[in-house]
Amino acid sequence: MKFFLDTANLDAIRKAAELGMCDGVTTNPTLIAQEMKHHDHLISEIAKIIKGPISVEGDSDTCDGIVKEAEIFKSWAPNVVIKVPMTHEGLKAVRILEKKGIHTNVTLVFSPSQALLAAKAGASYVSPFVGRLDDISENGMQLVRDILEIYKNYGFKTQVIVASIRHPNHVVEAAKAGAHIATIPADVFNKMWHHPLTDKGIAKFKEDYKKTANLKK
Ligand code: G3P
């Protein structure tokens, strides 16, 4: 399973990269706006740290506009992947971009039929948003399982990026479902380490270590 970081924060990306646990990055206009830096500068900086795929999203809603924007984004770094909205125009752009060898990530996917269309269009990646579905009392992870089943039935090569992750259990459920990738917000990534029994156990072992460390031989 690959871990992407769902952030445009350079410190968070550096920290995860140091651990060798950041296989890629996903951004969107909201995440870029949180950093208040120029889009091109930020993506180029991320690309200095991460050699894996970096998803970048613009604001065009026509096929021509998406393709033009994609060419600009690709000039920022060779490993840029174009996030394309799940629309009629978006899927037209997916086919054109993939034919040119530019990888796409169809985003804002909320149903199995949308994911099926994204795969038929030839997208490299599809991003089901599990948290936003859970927020409206639907079952985000069931969508992931449905997409994986459909893709397996027909041997589609499109990789599933589980997105809109809210907590560590979303990552675990994505792994159990066999998703190719989880894109994890930095705060959720940090929570994956922690367990109170681990902290308690370390404190107790430290305390007991001292008891014998200075015994005379
Ligand atoms: O990768 C998509 C993700 O950033 C959306 O997350 O928390 O805004 O639903 P969220």
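A: This is a predicted model. The shell around the ligand divides into two nonpolar, two polar and four charged residues.

Q: Which residues form that shell around the ligand?
A: The ligand is surrounded by D6, N28, K83, F129, R132, A163, S164 and R166.

Q: What distances do S164 and R166 show to oxygen atoms of the ligand?
A: A polar side-chain atom of S164 lies 2.7 Å from a ligand oxygen. For R166, an N or O atom in the side chain is 2.6 Å from an oxygen atom of the ligand. The protein buries 81% of the 310 Å² that the ligand exposes when taken alone.

Q: Where does the ligand sit?
A: The ligand sits in the largest pocket. That wording requires more than half of its atoms to lie within 2 Å of the pocket's grid points.

Q: Why is S164 called buried?
A: Buried means under 20% relative accessible area. S164 has 9%, so the label buried applies. S164 is found in the loop between β7 (159-162) and α9 (168-177).

Q: What else does the side chain of S164 reach?
A: The S164 side chain reaches the backbone nitrogen of R132 at 3.1 Å. A polar contact of 3.1 Å also joins the side chains of S164 and R166.

Q: Why is M36 called exposed?
A: Exposed means over 50% relative accessible area. M36 has 72%, so M36 is exposed. M36 lies in the loop between α2 (29-35) and α3 (39-49).

Q: Is S137 buried or exposed, and how do you know?
A: The relative accessible area of S137 is 70%, over the 50% cut-off, so S137 is exposed. S137 lies in the loop between α7 (130-135) and α8 (140-154). S137 has a positive phi of about 65 degrees although it is not a glycine.

Q: How many helices and strands does the protein have?
A: The secondary structure comes to 11 helices and eight strands. Of the 217 residues in the protein, 46% are buried.

Notes: Residues are numbered from 1 along each chain as its sequence is written. This is a predicted model: local features need pLDDT of at least 70, side-chain atom pairs count only at pLDDT 80 or more; totals for chains, interfaces and linings use all residues. Side-chain values use heavy atoms; hydrogens and water are left out. A residue is near a molecule or strand if one of its heavy atoms lies within 4 Å of it. A polar contact is a pair of N or O atoms within 3.5 Å; within protein, one must be able to donate a hydrogen and the other to accept it, and residues adjacent in sequence count only if both atoms are side-chain atoms. Accessible areas come from the Shrake-Rupley method with a 1.4 Å probe; for residues, only the protein chains shown count as cover. On a 1 Å grid over the protein atoms alone, a cavity is a set of points where a 1.4 Å probe fits but cannot get out, and a pocket is an open set with protein on both sides within 12 Å along at least five of seven lines; lining residues have an atom within 4 Å of a point. Ala, Val, Leu, Ile, Met, Phe, Trp, Tyr, Cys and Pro count as nonpolar, Asp, Glu, Lys and Arg as charged, and the others, Gly among them, as polar. Helices (H or I, at least four residues) and strands (E, at least two) are DSSP runs, numbered from the N terminus. Buried means under 20% relative accessible area, exposed over 50%, partly exposed in between (1.4 Å probe, protein chains only).
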